Amino acid sequence: TGIPSVDDLMTIVPGQLSIITGLPGSGKSSFIDQLMHNLAVNENWKFAVASFENPVAIHIIKLSELKIGKCFFETGTDERMTYEESQKALKWVNEHFLFLDQKDGEPATIENILDSAKQAIMRLGCRGVVIDPANFITPTRGVENEHQGISLMLSRLLAFARAHDVHIFFVAHPAK
């Protein structure tokens, strides 16, 4: 993971599914961004990212800030990255991340996310897939209850991770 205290507890390997959860505002998405950054820098991983809470441009800025170690916007206190640094960061982000946004306005389903992820894996050689947050995914039709729907979705994700030899990070934002 590139985070010493976390490295003592887990190892990220392809073919697995990690579910990230925690209290609202506890830093789940920031944690995933840090993991993606570390794996991209240390292991040259590429990621397919379905991130529904932030616009793609904001997510690119966050990853750029991690890469350069400086703020993108003027804060008044922290050093801001230069134009050259921002271009270097943008190039790095473009080489390591493909954002799977729903441009057609259709609701996100697990199947269309995985179809897009499959294309990213084949085109870019992505080794990681991030879905953040899970509650933006439209439930599968014909499922009798929420528990069954979640079970089917997690089974589908794990099967996909194994079939395509990728690690899937699935962020679950609880309502309470």
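This is a predicted model: local features need pLDDT of at least 70, side-chain atom pairs count only at pLDDT 80 or more; totals for chains, interfaces and linings use all residues.
Is Phe47 buried or exposed, and what is its relative accessible area? Phe47 is buried, at a relative accessible area of 0%.

View 1. Strands in a sheet pair through backbone hydrogen bonds, in either a parallel or an antiparallel way.

**View 2. Strand 2 meets strand 3.** Zoom in on residues 47–51, which make up strand 2. Strand 2 pairs with strand 3 in the parallel sense, over three bridges. To find your place, look for Val49: standing opposite this residue is Phe99 of strand 3.

**View 3. Helix 5 has a buried face.** How far apart are the end C-alpha atoms of helix 5 (residues 110–124)? They are 20 Å apart, which agrees with the 21 Å that 15 residues should span at 1.5 Å a residue. The buried residues of this helix are Ile110, Ile113, Leu114, Ala117, Ala120 and Ile121. Look down the axis of helix 5 and these buried residues fall within an arc of 115°, so they line one face of the helix. What covers them includes strand 2, strand 3, strand 4 and helix 6 (146–164). Over on the other side of helix 5, Met122 and Arg123 are exposed. Just after the helix comes Gly125, which takes a positive phi of about 75°.

**View 4. Ser64 sits in helix 3.** Helix 3 spans residues 56–68. Is Ser64 buried or exposed? Its relative accessibility is 5%, and because buried means under 20%, Ser64 counts as buried. Which residues does Ser64 touch, once you leave aside its neighbours within four places in sequence? Its contacts are Met81, Ala89, Leu90 and Val93.

**View 5. Phe47 and Phe97 stack.** Back to the ring we started with. The structure holds five aromatic pairs, and Phe47 with Phe97 is one of them: a stacked pair, 5.8 Å centre to centre with 15° between the planes. Phe47 belongs to strand 2 and Phe97 to strand 3, so this pair ties together parts that are 50 residues apart in sequence. Phe97 is buried too, with a relative accessible area of 4%. Widen the view a bit and you'll find one aromatic cluster, made up of Trp45, Phe47, Trp92, Phe97 and Phe169.

View 6. Phe72 is partly exposed, with a relative accessible area of 26%. Phe73 also counts as partly exposed, at 46% relative accessibility.

Methods. Residues are numbered from 1 along each chain as its sequence is written. Side-chain values use heavy atoms; hydrogens and water are left out. Two strands pair if DSSP finds at least two bridges between them. Helices (H or I, at least four residues) and strands (E, at least two) are DSSP runs, numbered from the N terminus. The expected span of a helix is 1.5 Å times one less than its number of residues. Buried means under 20% relative accessible area, exposed over 50%, partly exposed in between (1.4 Å probe, protein chains only). The arc is that of the directions from the helix axis to the C-beta atoms. Contact means heavy atoms within 4.5 Å. Rings of Phe, Tyr and Trp (its six-membered ring) pair if their centres lie within 6.5 Å; planes under 30 degrees apart count as stacked, over 60 as edge-to-face and the rest as tilted.
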